[in-house]
Amino acid sequence: MRKLLLIFLIPLLGITAGYGRTHGLRINEVLVKNVDNYVDDYGHRSSWIEIHNTSHTTVDLGGYYLRMTANGTQTLYRVPTGDPRSVVSPLGYVLFFCEGTGTKGTLYTNFTLEDVESIALLSQNGKDVIDEVSIDYAAQKEDTSIGYMTTGDGTEKFVVLPRTTPNSTNDTEPVVARHERFRQMDPRGGVMALTAVCVVMSVLLILFLCFKVLGNYMIAVSKRREKASKKAKTGMDVQSSKGAWESPYTGDEIAAIAMALQMYHDELHDKESSVLTINRVARAYSPWSSKIYGLRQFNKK
């Protein structure tokens, strides 16, 4: 609930953040009015800017620029090179105190955040903007910082933070897993059971419709094939019946032809039908058919 409230307060506080960061660097947190909050190495409380390295490689801020815009005037601070304190380890943080002198070391800028309008981190050429945030100075509260925080929908936004977190992550509240949030929303499991039943019934309904449509399609295909087969068979029967019974002659013509053939046959055998003819058939002699070769002959003494 607190996060949602902070999200709705963003337009009222006039806080915007610029994206398109490179090198894995970003302005992670800003405290404009430090009254009773973080103390620097000199025991003073001043405004500060936190830079976060979101990459998994070490980045040296030496040569980079911090730009502060107030009342339309821009002030640049170049981070000195060769100082190990400006080297940001992977997923690490570095804090710059805006006390205004720029003579206390690498981590102290030459500007303050009085009447600040925007803060930008520039590349080593002093022109390319790595990250920039716009701030409404009048809307800032004492000892209340602003920075990136993961909201309820899983995205990061530049919002008012519930408490200051210098040199550490801004997500101080424990992350609740999705299943745990669901369990908190549905402690008795009624919604889960209803959801499971709806899913199962929906799947069964989809399967039923799929099988029904597929079955109807297969039945229609089978009927079309059966109809085509019957039609082809009927055509063949008609063709064969036509070939068996159709003739170029009429019935009378066929009868006349049959009678003519019968009369011709009777006239052809009119005389021979009552004559018996016997003819002798000559058979050629063959020694192999003689009976003497088939009889056993005894020796004659």
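1. K230 is exposed, with a relative accessible area of 53%; here buried means under 20% relative accessible area, exposed over 50%, and partly exposed in between (1.4 Å probe, protein chains only). K230 forms a salt bridge with E226, with the closest N and O atoms 3.6 Å apart. A salt bridge is taken as a side-chain nitrogen of Lys or Arg within 4 Å of a carboxyl oxygen of Asp or Glu. Because K230 and E226 lie 4 residues apart in helix α3, about one helical turn separates them. E226 itself counts as partly exposed, at 45% relative accessibility.

2. The model is predicted: local features need pLDDT of at least 70 and side-chain atom pairs count only at pLDDT 80 or more, while totals for chains, interfaces and linings use all residues. Residues are numbered from 1 along each chain as its sequence is written, and side-chain values use heavy atoms, with hydrogens and water left out.

3. On confidence, the mean pLDDT of the chain is 81, and 74% of its residues reach 70 or more; pLDDT is the predictor's confidence in each residue, from 0 to 100. Residues 3-21 have pLDDT below 50, and beyond near neighbours in sequence this stretch has 42 contacts in the model. A contact means heavy atoms within 4.5 Å.

4. The secondary structure of the chain comprises 4 helices and 12 strands. Helices (H or I, at least four residues) and strands (E, at least two) are DSSP runs numbered from the N terminus. Of the 301 residues in the chain, 28% are buried. Among contacts between residues at least 6 apart in sequence, 62% join residues at least 24 apart.

5. The largest nonpolar core has 37 residues, of which V30, I49, I51, L61, F96, L113 and I119 touch the most other members. Such a core is a set of buried Ala, Val, Leu, Ile, Met, Phe, Trp, Tyr and Cys residues joined through side-chain atoms within 4.5 Å. Strands that each supply at least two residues of this core include β2 (25-31), β3 (47-53), β9 (116-122) and β12 (156-160). The largest share, 5 residues, comes from β8.

6. What does I49 contact, leaving aside its neighbours within four places in sequence? Its partners are I27, E29, V30, V94, L95, F96, C98, F111, L113 and I119.

7. The count of salt bridges comes to 5. In one of them, the side chains of D83 and R85 meet at 3.2 Å, N to O. D83 counts as buried, at 14% relative accessibility, whereas R85 counts as partly exposed, at 42%. The side chains of E99 and K104 also meet in a salt bridge, at 4.0 Å, N to O. E99 is buried, with a relative accessible area of 18%, and K104 counts as partly exposed, at 23% relative accessibility.

8. The accessible surface of the chain comes to about 21500 Å², of which 59% belongs to carbon and sulfur atoms. Accessible areas come from the Shrake-Rupley method with a 1.4 Å probe; for residues, only the protein chains shown count as cover.

9. A nonpolar surface patch of about 1100 Å² is made by V197, V199, V200, M201, V203, L204, L207, F211, L214, Y217 and M218. Patches are made of residues with over 30% relative accessible area and no salt bridge, like charges being joined within 9 Å and nonpolar side chains (Val, Leu, Ile, Met, Phe, Trp, Tyr) within 5 Å. Within this patch, V199 lies in helix α3 (residues 190-245) and counts as partly exposed, at 47% relative accessibility.
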